[in-house]
Amino acid sequence: MTFGATLSTALGALLRNKMRSFLTALGVVIGVAAVVIMQAMGQGATAYVGEAISGLGSNMLVAEPGSPRNFNPHSSGIPMFTMADVEAIRRQAHDVARLVPINTRSLRVVYGANNRNVNAGGVTTDYFVIRQWNVVAGRLPSAEDNRRTAQICVIGETVRDKLFGTQDPIGLEMRVHDISCRVVGVLESKGTSTFGIDQDDVVFLPFTTFSRRIMGTDRVAMIMFSPVAADRLDSVKRDVTAILHVRRHILAGEDDDFAVRDPREIQSLLESVTSILTLVLAGVAAISLVVGGIGIMNIMLVSVTERTREIGIRLAVGARANDILAQFLVEAVVISSLGGLAGLGLGAAGAYAVAKVINVPYVVPGVAMPIAFAVSVLVGVIFGVFPARRASRLNPLSALRFE
Amino acid sequence: MGSAPELPSPKVTLRQPLLSLRNVTKIYGQQLSAVCALDGVDMDVEPGEFVAITGASGSGKSTAMSILGCLELPSDGEYCIEGYPVQNLAPDVLAALRNERFGFVFQTFNLLPRTSALENVALPLAYAGVGSRERTKRAAEALALVGLTGREDARSNQLSGGQQQRVAIARAIVNEPEIILADEPTGNLDSRMGAEIMQLLIGLNRERGITILMVTHDPNWAAYAPRQVVFKDGHILSDDRRADA
């Protein structure tokens, strides 16, 4: 029998039992849809994290006091850095392009009748270069501002909106904690960070102004630096770590009381978490595909028994065992692959809906779709072979006489 | 797929009967529960013959038909088609033999349910590897031959018993076989319809030269056949040829 004739025979048999065929395929539909949705969600989450992290600036390192094994930067009793540490790094480390001492604190800012708690930071000009952060109005703090301990600041868009409303803030004096600062610039919007923090609810002052006039300290909470080129990131990290070991008197074998972190580490950590999650969910989806396959096998076995007489007739008029095998195998594969196609559609639509609801980017699961479809075809073959073999091994005479 | 099975030429080039059973025995079951359905049957069928096989239930006539139609193989003895023994043929060759040299007509019609008359008739052609267009054409011709033009699209359950049997006969002849094996073809029909079916079979035998073997338990129908073989208890009781045949 030609393949076309086999296919039309199988389609005819499936169409004669539409409801049963639909229910049989349902297991595979759900399995494939689950695979596609899981894959889309996993990729969407990874893309979301990636976008958020790349907003930090792709080429930088941050040194913070605290154990490298946890992310709590201000563990009690661990000394902060000093400007001498910063100078040591500037003098001794190779390939460091930019170096920024940073202090941060949550502060109250006031303008007129409006006031607000914001994340305030004391930074040098290079901070804005490393983070590729520019102003939409006015100017950035300059090195001269830092040297003069100038009482100026730049503000994020949220601060501008909440404090100044529609007023142009450039040149206006606002109160930051207990000093008065003149606004010289408004930073471009960075949106919400990965961790849900509004990155525009910020005020930056020159490092010297912030440290001496507000914090009253000569300590440095955090050192941010960038290598001359991206491929030097690791060597710079090693250099700075070695310098800080000496400066902080840490002997070989002792635990570090500081950490030099690469924001990409957080990204890869999050990516590995999402990929493990994706794997687990894909496993669940695979199980549902197997269950769908067992459903197909079950119905095919019933169908073979029910149609024993039909098989007998076909054998009597000249069907070979392989023709019968092909007929039932094609039926199983048609059910599973049509189920697979429906599952792809359902999965893509479902992934889109979920992405919209939980507000992550929708990623078309490009790789998952052909794989899921191939698996659904394979499920039909694997779970169709046994019933089809049983059908093809029937004895013509006893099949004809089957009641 | 479906190419003609090339039977090797028999070594002995003497003229052979079309079908021959030699000491054929068929035993169903094993040991204590074994039933001997055929016990050393010898029978030859020549091309163009019309043979009626009669006998009581359990006489072995249906078993003989199944063996003759290559639906099963003898337990012992030899069944030859044109002198070539069938026992040693692969199942696929037997399938091709059934497809190309035999047409089957059953008491219960055995049409595919919920399938049109045309598709039922075209079924053997599909297994012979005939293309879709050619299948439709030849199936329509076969239906015309049995007088069912216009009922091509009727489903089996929309046809009367006599019409269903005619569809079955059309299916049996569509691939132009040499032999039709009819197992109680009139058994489920009233006498008027039965007579129509008999006329059809006789016509096929006389006009097309198709060899027909017909099992029946009704002596009236058997009387139509020029040769009558009577089975009893797995043996051939009598084998009579009418003089006017």
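**From a strand pair to an interface**

Modeller: Gladly, and let's start with one pair: F106(B) stands opposite D183(B) in strand 7 of chain B. Keep in mind that this is a predicted model.

Biologist: Which sheet do they belong to, and in what order do its strands come?

Modeller: An open sheet of six strands in chain B, ordered 6-7-8-3-9-10, with mixed pairing.

Biologist: Why are strand 6 and strand 10 of chain B called edge strands?

Modeller: Strand 6 and strand 10 (235-241) each have a single partner strand, so one side of each is left without a neighbour in the sheet. From one strand to the next, the twist averages 15°.

Biologist: Which helices pack on this sheet?

Modeller: Helix 1 (residues 61-68) of chain B touches strand 3 (50-55), strand 7, strand 8 (211-215) and strand 9 (227-232). Helix 6 (residues 191-208) of chain B touches strand 3, strand 7 and strand 8. The direction of helix 1 makes about 150° with that of strand 8, and for helix 6 the angle with strand 8 is also about 150°.

Biologist: There is another sheet in chain B; how do you know that strand 1 and strand 2 pair in it?

Modeller: Seven bridges join strand 1 (residues 19-28) to strand 2, and the two run antiparallel; pairing takes at least two bridges, so they qualify. One of the bridges sets Y28(B) against V35(B) in strand 2. The open sheet has four strands in the order 2-1-4-5, with antiparallel pairing. Strand 2 (35-45) and strand 5 (84-85) stand at its edges, each with a single partner strand, so each has one side without a neighbour in the sheet.

Biologist: What makes helix 2 of chain B mostly covered?

Modeller: Seven of the 10 residues in helix 2 (residues 91-100) are buried; among them are L94(B), L97(B) and R98(B). The buried residues of helix 2 pack against helix 10 (308-316) of chain A, as well as strand 6 (102-106) and helix 3 (117-127) of chain B.

Biologist: And why is helix 10 of chain A said to be largely enclosed?

Modeller: Seven of its nine residues are buried, so the rest of the structure largely encloses helix 10 of chain A. Among the buried ones are I311(A), I313(A) and L315(A). Their cover includes helix 11 (321-358), helix 12 (368-392) and helix 13 (396-401) of chain A, together with helix 2 and strand 6 of chain B. Just after helix 10 of chain A, G318(A) takes a positive phi of about 115°.

Biologist: Which part of chain B gives the most to the side that touches chain A?

Modeller: Helix 2 of chain B does, with six residues. In total, 22 residues of chain B are in contact with 17 residues of chain A. The chain B side divides into 12 nonpolar, five polar and five charged residues.

Biologist: How confident is the predictor about chain B?

Modeller: Chain B averages a pLDDT of 90, with 93% of the residues scoring at least 70. The model as a whole scores ipTM 0.90 and pTM 0.71. Where pLDDT is low, the predicted coordinates should not be read in detail.

Notes
Residues numbered from 1 in each chain as written. Chains lettered and ligands numbered in written order. Predicted model: local features only at pLDDT ≥ 70, side-chain atom pairs only at ≥ 80, totals over all residues. Buried ≥ 20, exposed ≤ 12 C-beta atoms within 10 Å, placed from the backbone. Contact = placed C-beta atoms within 7 Å. Axes fitted to C-alpha atoms, helices over the stretch in contact; angles between N-to-C directions. pLDDT = per-residue confidence, 0-100. Nonpolar A, V, L, I, M, F, W, Y, C, P; charged D, E, K, R; others polar.
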